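Subject: Structure for your review

Dear colleague,

Please find below the structure that I would like to hand over to you. My findings follow it.

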Amino acid sequence: KLLYGWKGDNVRAKWFDYEYKTDWFFFGGYTVSSGWQKSNTGTIPLSAPFVRRTISIEADPDLIKQANVRSVQVKVFTKLGPQEDVKELRLNTRANQFAVQVDVIQPKNVLDFDYETTWYLTDGTTRTSGRKSTNSAVLFVDTL
């Protein structure tokens with residue numbers, strides 16, 4: 001017969017109780033800690049506090065050509081805690097590239113993000129949308 005315990009430790013069920021803490025480390029040095037949690041199960045179910053989301057950026061070729069747009073640059077701004085992450089994408093009209101996708105990391109249940117569109121025109125000038133907010137998974141960037 002094998003028994004765990006030590007001098008006067010007669011409550012064997014307490015041996016199943018434990019505490020654990022989860023630390024998540026993300027690129028850029030951002031860390032999320034769960035704090036200590038109590039459990040008595042044989043496994044620890046882990047779920048990251050952030051999820052990957054795909055955002056599609058599209059433009060109608062006819063509208064882009066009518067507006068004399070040579071290229072479109074889109075910046076997508078997301079937040080991981082206090083840090084802001086920026087992804088830059090480009091639609092190249094000469095290569096007939098009118099759609100791109102970008103993956104971003106966002107907190108669970110947060111869909112909002114910011115973006116800014118810059119249109120490079122054939123006459124050498126640029127136009128910008130300024131920073132805008134949305135929660136859409138599709139951005140249409142063909143209207144200047």
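The notes below go from the chain as a whole to its aromatic pairs.

This is a predicted model, in which local features need pLDDT of at least 70 and side-chain atom pairs count only at pLDDT 80 or more, while totals for chains, interfaces and linings use all residues. Residues are numbered from 1 along each chain as its sequence is written, and side-chain values use heavy atoms, with hydrogens and water left out.

Overall architecture

The chain holds 10 strands and one helix, where helices (H or I, at least four residues) and strands (E, at least two) are DSSP runs numbered from the N terminus. Read from the N terminus, the order is β-β-β-α-β-β-β-β-β-β-β.

The radius of gyration, taken over C-alpha atoms, is 25 Å, whereas a compact globule of 144 residues would have one near 15 Å; the globule rule is 2.2 Å times the number of residues to the power 0.38. Along the principal axes, the C-alpha atoms occupy a box of roughly 85 × 25 × 20 Å.

Burial, contacts and charge

Buried residues make up 28% of the 144 in the chain (buried is under 20% relative accessible area, exposed over 50%, partly exposed in between, with a 1.4 Å probe and protein chains only).

Taking contacts (heavy atoms within 4.5 Å) between residues at least 6 apart in sequence, 54% join residues at least 24 apart. There are 19 positive and 16 negative side chains, and the centres of these two sets are 7 Å apart; Lys and Arg count as positive, Asp and Glu as negative, and His and the chain ends are not counted.

Aromatic pairs

Rings of Phe, Tyr and Trp (its six-membered ring) pair if their centres lie within 6.5 Å; planes under 30 degrees apart are stacked, over 60 edge-to-face and the rest tilted. Tyrosine 18 and tyrosine 20 make a tilted pair, at 6.3 Å centre to centre and 45° between the planes. Tyrosine 18 is partly exposed at 27% relative accessible area, while tyrosine 20 is buried at 15%.

Tyrosine 30 and phenylalanine 50 have ring centres 6.0 Å apart and planes at 70°, so this pair is edge-to-face. Tyrosine 30 sits in the loop between strand S1 (18-25) and strand S2 (31-39), and phenylalanine 50 in strand S3 (residues 50-58), so the pair ties together parts 20 residues apart in sequence. Tyrosine 30 is buried at 17% relative accessibility, and phenylalanine 50 is buried at 10%.

Yours sincerely

Technical notes
Charge placed at Lys NZ, Arg CZ, Asp CG, Glu CD.
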